[in-house]
Amino acid sequence: MEVTVLCAVVACLRLLPSRSQFFQYENVVLNCEGNSTEWRVRRKTSKKIYELCPSYPSKRNDSTCVLNDLYEQDSGVYWCESEAGERSNEVNITVTDGELILESPEHPVSEGENLTFHCRARTSFSNQTHFYKNEELIGSSSTGNFTIQSVSKSDEGLYKCNVSGLGESEERWLTVRGCSPQMPTAPVAYILLPVVVCILLLFVLMLLWLFRNHKGRMDRSVSYTDVTISQEGKPQRISDVGSVPTLYSGVMPDSS
């Protein structure tokens, strides 16, 4: 089953099936998921110190690496790398010719999650399965499964399983990620609140100053030198008006 992994910002490496231990002659698909198709799977093994996925010569433009018929020499560290040298998360793959493998997600788990280990054999068995952490027995099961409820950083370590008559699996290191950062506590909020209020107040005062400054410029741009008086007739300037008619207080003379 394909699962979501903790990815790098630009790319991540996913495995199908999603586990880190494999039997010899099994197959695995490694896929680079990122922001472009230029990502390629690289690996560092005991035989080849640093190389591209062996399936690339026939599929150079594919970000998927297919490894068929795994061998022990395929054990090593795998990751995605871009042409610019950017790298994704690393995955440790172990290939064994033994009878048991310990199945668990290849990516780190987060604090608070439940984690189930499964002891898988090449052939069916009915004996009890024993699980160990750092060489100490931590539990037994008749189903081949062992679950850790709500994992924490203290659960980090080397795990393996053992079945009487079949031997034991390779060890697998468990990495536990810390919890996500929590929201600021109340005392911190009390400190930040006055700072936010002051910033908002300064912003409002700045807007008010800009508005008043802009308004003053607009008022100074108005000119009063060409004021015109309009009457019912044709508007005239004050300087163009003739003499004022004389007002008579007496009786008008008889024209006859």
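Is Cys12 buried or exposed? At 2% relative accessibility, Cys12 counts as buried, where buried means under 20% relative accessible area, exposed over 50%, and partly exposed in between, with a 1.4 Å probe and protein chains only. This is a predicted model, in which local features need pLDDT of at least 70 and side-chain atom pairs count only at pLDDT 80 or more, while totals for chains, interfaces and linings use all residues. Residues are numbered from 1 along each chain as its sequence is written, and side-chain values use heavy atoms, with hydrogens and water left out.

Cys12 is among the residues that Cys32 touches, as are Trp39 and Ser63, not counting residues up to four places away in sequence; contact here means heavy atoms within 4.5 Å. Cys32 itself is found in strand 3 (residues 28-34), strands being DSSP runs of E of at least two residues, numbered from the N terminus, and it is buried at a relative accessible area of 5%.

With a disulfide taken as a pair of cysteine sulfur atoms within 2.5 Å, the count comes to 3. In one of them, the sulfur atoms of Cys32 and Cys80 are 2.1 Å apart, and the torsion about the S-S bond is about -105°, so this disulfide is left-handed. Because Cys32 lies in strand 3 and Cys80 in strand 7 (residues 76-81), the pair ties together parts that are 48 residues apart in sequence.

Another disulfide joins Cys53 to Cys65, with an S to S distance of 1.7 Å, and a further one links Cys119 and Cys161, whose 70° about the S-S bond makes that link right-handed.

How values were computed. Helices (H or I, at least four residues) and strands (E, at least two) are DSSP runs, numbered from the N terminus.
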